[in-house]
Amino acid sequence: MQMWPSLIAKAKEGGVDVIQTYVFWNLHEPQPGQYEFNGRYDLVKFIQEIQAQGLYVCLRIGPYIESEWTYGGFPFWLHDIPSIVFRTDNEPFKYFMQNFTTKIVNLMKSEGLYASQGGPIILSQIENEYQNIEAAFHEKGASYVGWAAKMAVDLGTGVPWVMCKQTDAPDPVINTCNGMRCGETFGGPNSPNKPSLWTENWTSFYQVYGGEPYIRSAQDIAFHVILFIAKKGSYINYYMYHGGTNFGRTASAYVITSYYDQAPLDEYGLLRQPKWGHLKELHAVIKNCSTPLLQGVQSNFSIGQFQQAYVFEEGNGGCVAFLVNNDSTNNATVQFRNNSFELLPKSISILPDCQNIIFNTAKVNTKPNERITTSSKMLNADDMWEEFRDVIPNFSDTSLQSNSLLEHMNTTKDKSDYLWYTFSFQSNSSCTVPVLHIESLGHVVHSYINNKFVEAGHGNHDTKGFSMDIPISLTDGMNNVSILSVMVGLPDSGPFLESRFAGLTRVEIQCSTSHLLYDFTNYTWGYQIGLVGEKLEVYKEQNLDDVEWTEINPSYTNQSLTWYKTVFDAPIDNGDDPIALNMSSMGKGEVWVNEQSIGRYWVSFHTSKGNPSQTLYHVPRSFLKPSGNLLIVLEELNGDPLRISLDTISVADLHSPISYYHLPQ
């Protein structure tokens, strides 16, 4: 929240006119009829800050938003409404969707925030990329689209509504494009009285655990922005211009805590150059051409095998031209209005008077910068840390029991990432080489035999499930098996979201030497939702004494499910530079600073190049006190907290030529 004014100011300085934001249903209505608009969730204050800085707003209410946000933005209580089916012509769903949408619209009206009231909101969005799943609902999909459009329009905001990626958006709702190349892929408005709008121009792409960051060049973004404008596009939103941080448990399945760090403003709100500067220059040029773009007549014609001209010309002589070279490897010499022009590969040149080139998308005049990470404080003293080992439950400890494997999400109700599956059984002495076989549609599994950690396994973003075959040791007599299923965010997209299955689907113990098979899939299971430390909220200062903390033992290995705590002072040697925890020595878990969750971490999940997807975790300075800051780390695996450090983040210009051409995309 404290970052809002600075982020908006940097966007404005970069030539942005409109701030586009989603509305997060799960944050604003955590329980039916209970609304939350305070602090970081103060939507009105955010919009008023945008207005105070002279910018406009596109409010994407949804209320389904996807956006790599857990459950697509839906509050989990929606899952338990009887007979509900999400995002279709289903009365229970429509009731709650209309109720929330109306709540948001009325809140905006009450504060005079729509443009029709003199406010900054010029566009609103209903639904989100629905056409991706519409066919799954057959005729109820089309009727839902009609209902959603009419419901939104009838709310009487006085400003247009949009539906993104919805070619059949009913009048007067405007169909819009999402993607990286809408100048090439968008079929255009479905009615001649609708403008051509691009609601998501992806400046990078979301990143998942095990995935490398997606690098999209400033040149490529600029090329497709200009191409869209040349084809009569009138609105382009960068998704994201600033992505920020998925604090807490807000990221969707397998999505990392940092969001769109490669955007023009990075996760910390710092300029990412040359992306920010190149787009700023482009915005200024386009604004200077606004009169012929708005009032001129467009024409387009070929000026070469891979070259095209788009011209906007007024009757009084005002003119702007866009010369496009679609050849990705070669310069092109073209003739335009009796002049010869050299066009760089895969570029568009802008001629604001149809005579002189003043901007080329492939020519970057902004120096690139690089991120500098400076270690400010090592948290490496043994006596700084204390630990609490969470309790491994056995079947006899559980109160929730069932004769089958329960679905993970429906059992936890998203109150925790964690669900214990436990059972006890009498081993046959002839089972000499036992193997525990587990199949799961969850994300992570930790297995324990007789309270001892055996092995962990996990899936990935692109597969629905995974299996494990774990050699184990059994004792004569009764054995306790405890399996911890972990979700790393809920799914965020696709049809029938309310019916998804997660968690264990099959558990067996195979005895290869005697060919015995114990199938526990339909067996008596005991369940525990969450960890003991979660239930006791040991990340809160007032609850620290509810468990017994002990001195850390740096020589102890194979230690799982451990809570660590320490206190630290805020860095003072780097001014206002953003702060991050360097978690590169840890495995997987979650971190709290002064009772605020700064998100999940999963450093042990490496990319195909052998790198963690994320090691630095943003701690906003507003979360910190000058001294005595409480740091709590929940480590699932075997990380080393003695090598955690507090780093400061800055950027510095790279020493490079002031102009360079068409980098690889």
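This report covers selected local features of a predicted model.

## Basis

The model is predicted: local features need pLDDT of at least 70, side-chain atom pairs count only at pLDDT 80 or more, and totals for chains, interfaces and linings use all residues. Residues are numbered from 1 along each chain as its sequence is written, and side-chain values use heavy atoms, with hydrogens and water left out.

## Helix 3

Helix 3 spans residues 43-52. Helices (H or I, at least four residues) and strands (E, at least two) are DSSP runs, numbered from the N terminus. Leu43, Val44, Phe46, Ile47 and Ile50 of helix 3 are buried. Buried means under 20% relative accessible area, exposed over 50%, and partly exposed in between (1.4 Å probe, protein chains only). Seen down the axis, the buried residues of helix 3 fall within an arc of 165 degrees, so they line one face of the helix. The arc is taken over the directions from the helix axis to the C-beta atoms. In general, an α-helix has 3.6 residues a turn, so residues three or four places apart point the same way.

The packing partners of these buried residues are helix 1 (4-13), strand 1 (18-22), helix 2 (25-28), strand 2 (56-62), helix 4 (91-110) and strand 3. Contact here means heavy atoms within 4.5 Å. Gly54 follows helix 3 and has a positive phi, near 85 degrees.

## Gln131

Gln131 sits in the loop between strand 3 (121-126) and helix 5 (139-153). Gln131 is partly exposed, at 33% relative accessible area. Leaving out residues up to four places away in sequence, Gln131 touches Lys165, Gln166, Thr167 and Asp168.

A polar atom of the Gln131 side chain lies 2.6 Å from the backbone nitrogen of Thr167. Pro5 is 126 residues from Gln131 in sequence and 36 Å away in space, C-alpha to C-alpha.

## Cis peptide bonds

Gly62 and Pro63 are joined by a cis peptide bond, with omega about 0 degrees. Pro63 belongs to the loop between strand 2 and helix 4.

Asp171 and Pro172 are also joined by a cis peptide bond, with omega about 0 degrees. Pro172 is in the loop between strand 4 (161-164) and strand 5 (174-179).

Glu66 is not a glycine, yet its phi is positive, about 55 degrees. Glu66 lies in the loop between strand 2 and helix 4. Its relative accessible area is 18%, so Glu66 is buried.

Asn594 also has a positive phi, near 50 degrees, in a residue other than glycine. The loop holding Asn594 runs between strand 31 (588-593) and strand 32 (596-602). Asn594 is buried, with a relative accessible area of 19%.

How values were computed. A polar contact is a pair of N or O atoms within 3.5 Å; within protein, one must be able to donate a hydrogen and the other to accept it, and residues adjacent in sequence count only if both atoms are side-chain atoms.
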